[in-house]
Amino acid sequence: PFRDSGKDKPAQICELSENSEQSSSESDVESDSEPTSVYHKLLATLKTVPDSDNEEDDDDSEEESDKDDTEMSSEEIKDEGETEDEENDNSGAVQESGNEASPQKNSQEEPESLNTSTDLKNEVADEFTDVQHEAEFSLETNFIEEESGDARADPKEGHSSVEVMKDPFKCHLDENLEEKEIDKILARSKTTSQVKWPALGQLIFSSTLERFGTIKPVKDIDLKQLHLHKPLVSTWPKVNSLFLSVQPKLKDQLFTPLQKELFCIMNSYKDLFYSERTALKNGEEVRHVYCLHVLNHVLKANAQVLGNNAKRRDQKPGTDDDCFRDQGLTRPKVLVVVPFRESALRVVHILIGLLESASQKKIDVSNKKRFKGEFGSDPEEKPPNLKRPEDYEAVFAGNIDDHFRIEKEGYQVCHSFLSRATGDVEKLFGSEAAQNDFLLCSIQLIPFLYESLHLINHLNQLPLESHGVDFSRVRMFSLNNWSKYYRQTLLFSALQDPQINSIFNKHCYNYRGQVAVRNAPLTGSISHVVVQLPHVFRKLEAENSVSVIDARFHFFIDKVLPEYRDAVMSHTLIYVPSYFDYVRLRNYFKKEELNFTHVCEYTSKSSISRARHFFLKGNKQFLIFTERFHFYKRYSIRGIRNLIFYELPTYPHFYSEVCNMMKLAGSEEESALTCTVLYSKYDAQKLASVVGVERAAQMLQSSKNVHLFVTGETE
């Protein structure tokens with residue numbers, strides 16, 4: 001990794017991009033043993049066409065620069081909920097790279113070269129300072145009049161140096177890692193410890209660096225200890241009052257017990273996996289606290305840039321100070337991933353509330369009406385009069401379109417207040433070149449998990465172009481391509497799942513470590529089954545988690561399906577969580593010419609109606625039924641007499657919901673009802689959620705492969 005040292009003159013920065021190999025004898029020796037650094041590669045992108053080119057090219061470049069400068073004046077925020085990625089709109093004028101070519105070309109005359117290089121440094125500083133419009137980008141002068149001040153003033157003024165040094169934001173980003181520590185992080189040699197907190201319960205702390213171990217919960221909240229940015233100290237109590245007013249004992253508090261402990265972990269900049277977020281209970285409570293952390297991070301980053309801009313303007317020309325590294329290679333700081341348009345709308349509303357609650361005037365948000373119209377729901381549009389569970393109504397409230405993005409060409413809703421308030425870009429959906437400081441994912445649907453893995457794998461990549469960045473302001477860990485070790489990842493889910501655990505354990509490299517909430521279920525969803533029903537759990541053997549897919553298929557067609565081929569075993573519903581397993585079973589049933597029908601999330605309404613009718617009347621013996629169909633539709637399937645869980649449900653409460661559908665078959669037929677469940681040792685978490693952790697442990701350790709449970713009232 002490149003270490004920036006020994007820069008005596010600003011002109012040497014330009015020489016690196018042209019002749020990185022022609023340096024002193026000492027650097028030649030080093031270049032023989034070490035490969036070209038990432039820093040040199042990025043500087044090489046600053047090369048421009050020499051002045052010998054025709055004037056038409058120069059005119060084109062000036063037009064492009066003017067266009068880019070216009071685009072730079074308005075920041076961009078995107079929201080996206082599916083798999084589409086879009087290239088980042090990184091701010092910073094392209095014109096800067098053209099200006100740097102001038103001293104390189106005229107280096108034949110030393111006085112002119114020196115003067116031009118000095119002008120270059122001033123132009124770079126002006127490019128990132130924008131003295132004329134800087135006040136418009138300052139939160140203090142636009143929104144908080146009672147706390148307003150000069151935008152050029154150091155935002156740290158009024159705080160002791162000890163308090164500033166203890167700020168988690170500054171401590172996290174100012175940490176200088178060594179190569180041996182990076183190697184240790186990649187080796188995944190973690191030390192873990194288990195701690196119980198009052199509200200969150202059992203926490204698993206894991207870290208590769210010993211100095212970043214466990215943290216203790218905060219008993220009494222002190223605003224100074226939280227290190228919130230100025231406006232959030234006054235706006236947060238108002239925005240969060242909805243949850244505090246419900247409980248009288250929390251009226252004088254800033255956080256609910258859950259929010260207090262979550263923010264304590266978030267503010268420590270450790271990775272967090274919270275697997276108990278539900279839309280029905282604590283969904284909005286969690287959303288508010290992570291929006292506070294997001295905005296606090298962005299405001300601090302902006303304040304640091306403004307303060308360093310003022311210090312650089314007051315600095316004497318020709319001096320070189322390496323303490324102003326406060327930026328990344330691109331402008332985005334935070335990536336928020338949400339599943340629906342309604343979720344994105346709520347996030348934006350919370351961010352607006354946190355910025356304008358303490359201000360007497362409303363924030364000017366362009367195209368706000370259009371944004372609400374397209375991301376909100378029509379109040380006149382009444383939902384269908386269908387009976388659905390409460391959790392379904394909570395998850396699918398509002399606009400549930402999951403194919404969206406907020407683009408600069410169509411909207412200026414989010415960039416308007418965020419650019420003026422922070423001078424930075426808040427992108428709610430990133431692309432391959434995103435150099436995000438931390439990533440926040442709100443995972444509510446398992447199908448959305450695969451898109452999240454794709455996003456994480458494409459974060460913190462080196463951009464293909466420099467985009468006019470001032471490398472003297474870029475942090476060294478960004479130049480070393482170490483950004484992923486400084487990224488904080490927050491995962492919120494409604495369940496514990498092996499695939500989510502894999503993302504958290506194998507794709508999060510935060511040097512400060514990880515925190516996972518691990519509360520074992522005691523009872524299980526089987527206790528909510530009201531139908532008198534025998535549940536037969538059959539264990540299958542598999543060598544590893546990959547071979548279990550084929551092992552389950554062959555176990556089903558060889559040992560389970562033959563028992564249901566008889567005409568007596570009609571009205572058999574096969575519950576399949578995975579769509580790939582569903583396609584495999586459907587093709588097998590067609591090949592064997594079995595009397596069956598099938599429904600999935602892609603089946604048309606007419607086909608669904610026919611399948612349900614044929615199954616109820618007994619015209620079709622089997623009905624193959626996907627979990628995604630049940631998640632999105634929640635239809636009640638009538639006529640089920642025999643139930644087969646090809647695999648344990650992803651959501652535990654789906655088990656009891658599907659089993660209770662058998663009550664619709666009629667009480668006189670309950671004595672003939674059956675339920676068969678297939679599981680393996682790799683389904684330990686799902687099994688514990690259904691039967692309870694103690695019973696699951698006994699079933700997995702037992703030498704028997706068949707276990708029986710009976711539910712329902714008996715006389």
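A salt bridge is a side-chain nitrogen of Lys or Arg within 4 Å of a carboxyl oxygen of Asp or Glu. By this rule, the count comes to 19 salt bridges. The model is predicted: local features need pLDDT of at least 70, side-chain atom pairs count only at pLDDT 80 or more, and totals for chains, interfaces and linings use all residues. Residues are numbered from 1 along each chain as its sequence is written, and side-chain values use heavy atoms, with hydrogens and water left out.

Q: Why is the contact of Glu-374 with Arg-370 called a salt bridge?
A: The closest N and O atoms are 3.3 Å apart, so the pair falls within 4 Å.

Q: Why is Glu-374 called partly exposed?
A: Buried means under 20% relative accessible area, exposed over 50%, and partly exposed in between (1.4 Å probe, protein chains only). Glu-374 has 36% relative accessibility, so it lies in between. Arg-370, at 41%, is partly exposed as well.

Q: How do you know whether Arg-538 is buried or exposed?
A: Its relative accessible area is 16%, which is under 20%, so Arg-538 is buried.

Q: Why do Arg-628 and Glu-601 count as a salt bridge?
A: The N to O distance is 2.7 Å, so this pair also falls within 4 Å. Glu-601 has a relative accessible area of 14%, so it is buried.
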